[in-house]
Each structure stands twice: as structure tokens, then as C-alpha cells.
Amino acid sequence: MCGIVGYIGREQVSPILLDGLTRLEYRGYDSAGLAVFHPEKGLQVVKARGRLQALWDATQQGQAVPGTMGVGHTRWATHGAPNDINSHPQVSQSGKIAVVHNGIIENYVKLKEFLEAKGVVFASETDTEVVAQLLEYYYHGDLLDAVSKVLHRIEGAYALGIVCADEPEQFVAVRKDSPLIVGHGVGFNMIASDVTALISYTREVSYLNDGEVAVLTRDSIQVYDSLMRPVTKEVVHIDWEISAAEKGGYEHFMFKEIMEQPKAIQATISPRIQNGQIVLDELNITQEQLQQLDRIYVIACGSSYHVGMAAKYILERLLRIPVEVALASEFRYSEPIVTERTLAVVISQSGETIDTLAAMREAKRLGARILSIVNVVGSTIARESDDVLYTWAGPEIAVATTKAYSTQLAVVYLLALDFAKKLGKLNEQEYETLVAELEQLPEKAQMILDHTEEIQYFASIYFNHNSIFFIGRNIDYAVGLEGSLKLKEISYIHSEAYAAGELKHGTISLIEDGTLVVALAGWNTLFEKLMSNVKEVKARGADVIGVATQTHAQKLSTQVDSALVIPDVHPMFLPSLEVIPMQLFAYYVALMRGCDIDKPRNLAKSVTVE
Ligand code: M6R
């Protein structure tokens, strides 16, 4: 959601900014722009609505906008339509200060009124313009001083890149509740919303903390805290391969990432299983703290929330501790019952989702211990947690998550088994069997991925449906939620996921001739019950795709129109296998409908506004 890139150095900056913005495209946006300083031309601002290609074209691949210092932005519209006026950079009245911004300035109306009363004329509908105008109001020859004054007046979430035509030897970056990273180069320095925009130029980065301000010149980066005291930042080396963030011959990132799942699951579990024993060195939680836990909250959004739904079944079954799964955006407003004996398991691919971050901070404030499951190393959620278990999925670019979901599940299994062992809830034999099954998951996932033709065929039969239902019981229901979300996100087909037994309490009224129902029947002991639900919908005209394990393959094929069989697996690990056909089905359906799979409409990869 919105992307920022900034550069100061000796190279022509526009192509660098455009390249960085291209790498941030996946975050989601609807317009883009650049502000570049040139000694003779001053501050040049170019903006273009729509895809980034329009900005590449408008600047003749960057060549038409010379200069060696500037900032760029991809905007996901919040305040005002996505047009050239509302796009960033936003400039001050005189045109000498330009600002790019991620986040929302919550008190912008009041500040706008204040400035208008002083005669300032606003050009856009954005909250961001207030920052540019306020900076000019406070600017008396010292940009850092003006920034410090503005920070005392603005409220909300922001990552800002600020350039001033009167101070072309430097630019300023600020961060509060919205991600921003500083990249250390030789003879140049950069900022970006995330590392994917930086790694072609530098792998040495520092993560700004909330309230910190960075002043970048070609040869130095000075960071200040919110009281403008200099602080020394740790420099972290990023070892992600650039190729991991490129398509590598695949048509879409989503398909590449679906295919990468066995490898990603392997990378997440292998280093943590030694001689058949799970070793989670990263955890700081003590045996005593573990024994005192009387409640677990899983807090997350979207697909990460669906992992949480599956985690509830797994953790409760193994630990016999009550687990509540909370939508992060609701958690804060639900007066949650949290004590020092509560563990909050916070799940997030990006580690920057603002709803999740806010809920996590609330849980912490109320006394919970925070254990996060995060993919992006150094992200805010990871840094603010008591314990972090990283998923080693590598960069995930497609908006629709696949490999991050699978690795989050893998971490949940590791955690559940480790805690169960430590709490004496599993005997040695049960533990060994489950760990051995876990180790087989990458291979079983690969078996499904080796035969995508069948799923592609089913997609070709059903891609024209307007409404698709997913049903399942127990953990299968959690997978249905994810299958339904995948389909909605990228194919724009209306879809609902229901606990299969709940259908007859209302939703079954929507089933009519030709309605497609995807029935997840992996949980072996509930197979027959699920087949009864299949009969109910078939009796009302539904077409049914059924998913079950090899054990029930034969029976399944007699009950449904299209059968998808997955390898036999312990029910606890079902989501990891069942989800793959769901992802592929959504992918192929979207492909056949001609949708923009990696950049679905209205969506952003990292949701950094509430
Ligand atoms: O980065 P996070 O895991 O915190 O993101 C949470 C959701 O925004 C995310 O899972 C979203 O639902 C995905 N687009 C699903 O594919």
C-alpha cells in the first residue's frame, strides 16, 4: 500500500526511482510520481495516473527528468481520487518543498483550516498536501528545523520523504507507524518502503523506529530521535537473492510462489528439526511462563487470520489451552480479556499490517506476552515482539499470499508440537510420529504440484460461475475460508465459505441449479458427515468439486462431480495440502477470466492504513 523510494548520489536519479517503484508495484497503487532536483531546472515534479508504465513513458524512461537527488511514490488513494493532482509528490505553494507520504494524517482538516486562514491555497484533496504546506509555513532556511516543528503538529501514521529546492545536498525521511528503511551506499544513500526496492543498489540497511528522522546526503546518513537527539543505527545486511523477487520465467509471481511452496516449507522447518526434535532457539519464553499460560489469542488479518483459524484447532487439540482467534481490526475494540497469563500469537507476512500492529500493541499494553510469526525480517511487528519465529518464505510479491500462508502454517505446527512436548501433553511416540509427518510435508506438497492439469481442467469448466461456495468442517472449514478468499481476491467471483453443518441454517437458500460448491472433506473422521452435506447441496442442483485424502478417493468420486485427491496425511497437517488445489483453482480461474493476477483491483500487498 503506497511505496516510497528516495535517492541522493551521483547517478541520474529518475531511472533509479522508477526501478525502485517498479519493485514496489506489488504493494498496490493507482498513481505514481517523482520529484527530482536539478541545479538549473529546480524541483521537477512529474506524476501519472494508473500503471507505473505511464510514468516511465511520461519521463522517457527517466531521461527527461535529470538530477541526482529525488523521491518517488506509488499512491494507493485514500483522500481524493487517483488523479494527477492528488498523486504524490505533493508540493508546497511556492513549489520548493515536495513530499511523498505513506499513511494518513488524521488531523489534516484542522491543519488545513489553520493554513487556509493564513492565506495558503490548497491544490489537492489529500491529507499529504497539508504536510508540504505546513513545512513551507515553518521553513526559514533550515529544513530539519521545519520538519521537527511539523512533527509536533501532525497526528496519524506516516512515512515521509521530503525534498527542498533550497537544500539540494540533502533530503529528509521520517517514520511513524508506517514502514521506512534507509539504505547505506557508497557515494549515495537511499530510502524505501521495503528492501525489494533497495537490494539492486545496496544490501546494507537500517530500520527507522517510530518518531525517528533521517537526514541523507550523498556520503552520510544522520538519524535523530523524536527529540532531535542524534542516534546511532544498527546496519543490517540483507541476504535475499534479487532473483527471489523476480518472476524467473513464470508468467505470474503468484504461480511462481505457489510452486515455491515445498521449498519454502522445507526452509522453514528443516533448520528447526534436529535429530527428530524441534529446536526453537529463537524463543525466549521460559518453561515457567509457558506453564502459566491460561489463554492464547491469535491475532491477524486476511489469510494470516485463516492460518490463525487452523491454528486454533491445532493448538487447542495439542495443548488443551483455550485459543481465541481475533481479527486484528476488531481486537482493540472488543475489550479483550487479556492478562499476564495470556500469550498473543501475532501472525503477519509483512510484519507491517497496521491493524495487526495496533492490536498487538494493545495486547502488550494489557499484559500479554507477544509471540509473532512474521516473514519480513526486521519489520515492525517482529521488532516489537517478545518472541519472533520467522517464516523463511523469502520475498512474497503477489498480492494474494500463498507461500507465506504455507510457511505460517509450518511455524504453527512447530510451535504447537514444541509447546505440547514442553507441557507434557504428548508422549514421545506421538511426538516423534507427528514430527516425522511434518518433515514429509514438502514432499507431499510437491506431489500435488506435480499434477496441476486436473485443477486447470476443473477451472476451465467452472470459471464462468458467478457465485462459489466453500464448505468444510473443523480444520477443513479454515481451509475453505482461505480458498474462498483466494478466489475472491484475484478472480472477483463472489464466494462464501461456510462450516458445512451451518449451511442449512440459512445459506443453503442460495444454492440453485449449477451453483458451484467446493467441499473440503479431508478430515477423515468427518468424511461421511461432509458427504451428507454434499448430498444436501446436490439435491438442490449444485455442482460439487470435492477434495479428500487418498483414503476416501474412491468414495469421493461417486459423490461429487469433480474429485480432487490429496495424499494421506495426519489431519493436523491437512491445511498445508488442501490449500494448494484451492490456490491453483483460484489462479487458473483468474487466468481464464483475464484478471490481473499479481495486482488485483483495489488491493494492496501490505495494508498500512486502518
Ligand atoms: O502481511 P499480513 O500477513 O499482515 O497481511 C494480512 C492480509 O492483508 C493478507 O493476508 C491479505 O488478506 C492477502 N492479500 C491475502 O492473500
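Helices (H or I, at least four residues) and strands (E, at least two) are DSSP runs, numbered from the N terminus. This is a predicted model, in which local features need pLDDT of at least 70, side-chain atom pairs count only at pLDDT 80 or more, and totals for chains, interfaces and linings use all residues. Residues are numbered from 1 along each chain as its sequence is written, and side-chain values use heavy atoms, with hydrogens and water left out.

**K444**
- K444 is placed in helix α14, which spans residues 428–449.
- K444 counts as buried because its relative accessibility is 12%; buried means under 20% relative accessible area, exposed over 50%, and partly exposed in between (1.4 Å probe, protein chains only).
- Apart from neighbours within four places in sequence, K444 is in contact with E437, P567, D568, V569 and L577, where contact means heavy atoms within 4.5 Å.

**Ligand surroundings**
- Among the 14 residues around the ligand, S304, S348, Q349, T353 and E489 come nearest; a residue is near a molecule if one of its heavy atoms lies within 4 Å of it.
- S304 has a polar side-chain atom 2.6 Å from an oxygen atom of the ligand.
- For S348, a polar side-chain atom likewise lies 2.6 Å from a ligand oxygen atom.
- In Q349, a polar backbone atom is 2.7 Å from an oxygen atom of the ligand; a polar contact is a pair of N or O atoms within 3.5 Å.
- The elements giving two or more residues to the shell around the ligand are α9 (302–319) and α16 (475–491).

Terms used:
A polar contact is a pair of N or O atoms within 3.5 Å; within protein, one must be able to donate a hydrogen and the other to accept it, and residues adjacent in sequence count only if both atoms are side-chain atoms.
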